[in-house]
Amino acid sequence: MAFLFRKFQQAAKSAAKSPMFGRDPRNLQFETDINRLFLYTSYNRLGENAEEKDAEELIEMATRASVWEQQIQVHENVHFQIKNICQAMDEALAPDVGPDQPDLTRVFPKDPQRKGLSFAVGKGTPSSNIPAIPATRHLTLHELSQAVKDQIGYTLDIKPSQVPHKDAGQGLFISGQAQIGSVLAFYPGVIYSPAYYRYIPGYPRIDASNSYLITRYDGNLINAQPWGTGGSTREYWDGTDCLDIRANNVSESPQSGSDRMWRMLSNPLDSNNQKFGDLIERRNPLAFAHFANHPPKDTMPNAMVCAYDFPLSEKDMRVYIPNVVFGGSETENMKRFGTFWFKSWSGSRKIEESESAVIRALVLVATRIVCDEEVYLNYRLSNAKRRPEWYVPVDSQEDERRWS
């Protein structure tokens, strides 16, 4: 397997040089990432019994298949793994119901945290819109984490980072061993499509007090700050029960013409009238991708981001996907112009059911065998902005392409 792994690594490194890819810088980086993910996740799916001819066939496929075809295969490979992960959690959390035990298959949701007026007047009944919650075994996050590790071979821990910098804070560590191409972690939190950017807490300077933000290539942004370190139960979660950032803590400064345009287009909106939320397993032990740090100098990342569109038709798995979509299932057609997104008025406004019936999430995928070590992710920070002193580029060309 070590020999096959080296072949796959070499193929992944040469992806950007392939003539099959377009030359638009940003699109080139996207296509290169898809090619790498195709190799890594397909290699993982081959399993320990893979033969050299199998590996060579996959590498040959990676040079012939279109980006769209590779993207479909990546999603299938990732979904296959996530299905196994969800099954492992399902088996661990299934309630013990015997012939002499009462039927506890459904319980009421826990009382939501009450604030402001509802607390003052003593309103204590949960909303009728919140569904009953299926009962589960009373496992702690640590207990569920160990049960998952027993099933898939690894789990995650949050500990002080080994990055030698005072701002490193907590880091993400893998306990156990994961093979190349393994889904290591989910990126949890609230998903904002470009149509809802102005509802992001702290908008327009959303990163001023929040370092737990990440954006997919298609423009969907995930805010993991409300998720924090998860929870202790399965609950109806609307993404509001952790930290709440208020705009805007950035001090005022003289504004250029582009800054004035930004502020004119960027009036923050009140999110109180936006209803969204889902039944979520807050004890998910793999929902901590937001704690992965950028690697220190002379260290290569051992994970990369992978877009994952979870199909809502997989109802039994939904509870283990640690994301809620801001605004619910409502969707807008948007087009990107530079750094701005606008509603698209051209063509039909109808969104196909196959596109809208997904949760546009992110996961971390291992780029090599990872064993009892810290997980590092290339942040690819923009060249156009002042970077923090701890940031050492892994690949300056990748950073430049990402933000072209």
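Helix H2 (residues 25-46) packs against H3 at an angle of about 155°, and their axes lie 10 Å apart. This angle makes H2 roughly antiparallel to H3, since angles over 145 degrees are classed in that way. The model described here is predicted. The protein has 404 residues, of which 43% count as buried, and contains nine helices and 16 strands. Among its contacts between residues at least 6 apart in sequence, 77% join residues at least 24 apart.

**Packing of H2 against H3**

- The crossing of H2 and H3 is right-handed.
- On the H2 side, the contact is made by Asn35, Phe38, Leu39, Ser42, Tyr43 and Leu46.
- On the H3 side, the residues in contact are Asp54, Ala55, Leu58, Ile59, Met61 and Ala62.

**Helix H3**

- Helix H3 covers residues 52-64, 13 residues in total.
- From first C-alpha to last, H3 reaches 19 Å, close to the 18 Å expected at 1.5 Å a residue.
- The buried residues of H3 include Ala55, Leu58, Ile59 and Ala62.
- Seen down the axis of H3, the buried residues fall within an arc of 100°, so they line one face of the helix.
- An α-helix has 3.6 residues a turn, so residues three or four places apart point the same way.
- Lys53, Glu57 and Arg64 are exposed on the other side of H3.

**Leucine 58**

- Leucine 58 is placed in helix H3.
- Its relative accessibility is 11%, so leucine 58 counts as buried, the cut-off for that class being under 20%.
- Leucine 58 and leucine 46 are separated by 12 residues in sequence and by 9.6 Å in space, C-alpha to C-alpha.

**Packing of H2 against H4**

- H2 also meets helix H4 (residues 67-93), and the two axes come within 9 Å and cross at roughly 45°.
- That angle makes H2 oblique to H4.
- The crossing of H2 and H4 is left-handed, whereas that of H2 and H3 is right-handed.
- From H2, the residues involved are Phe30, Glu31, Ile34, Asn35, Leu37, Phe38, Thr41, Ser42, Asn44 and Arg45.
- From H4, they are Val67, Gln70, Gln71, Gln73, Val74, Glu76, Asn77, Val78, Phe80 and Gln81.

**Backbone features in loops**

- Most residues other than glycine have a negative phi, and most peptide bonds are trans.
- The peptide bond from tyrosine 203 to proline 204 is cis, with omega near 10°.
- Proline 204 lies in the loop between strand S6 (189-192) and strand S7 (213-215).
- Aspartate 298 is not a glycine, yet has a positive phi of about 65°.
- The loop between strand S10 (278-281) and strand S11 (303-311) holds aspartate 298.
- With 75% relative accessibility, aspartate 298 counts as exposed.
- Arginine 380, likewise a residue other than glycine, has a positive phi near 50°.
- Arginine 380 is found in the loop between strand S16 (370-374) and helix H9 (396-402).
- With 14% relative accessibility, arginine 380 counts as buried.

Technical notes:
Residues numbered from 1 in each chain as written. Predicted model: local features only at pLDDT ≥ 70, side-chain atom pairs only at ≥ 80, totals over all residues. Heavy atoms only, no water. Helix = DSSP H or I, 4+ residues; strand = E, 2+ residues; numbered from the N terminus. Expected span 1.5 Å × (residues − 1). Buried < 20%, exposed > 50% of the residue type's maximum accessible area, 1.4 Å probe, protein only. Arc of directions from axis to C-beta. Axes fitted to C-alpha atoms, helices over the stretch in contact; angles between N-to-C directions. Parallel < 35°, antiparallel > 145°, perpendicular 65-115°, else oblique. Left-handed = near helix turned anticlockwise from the far one by under 90°. Contact = heavy atoms within 4.5 Å.
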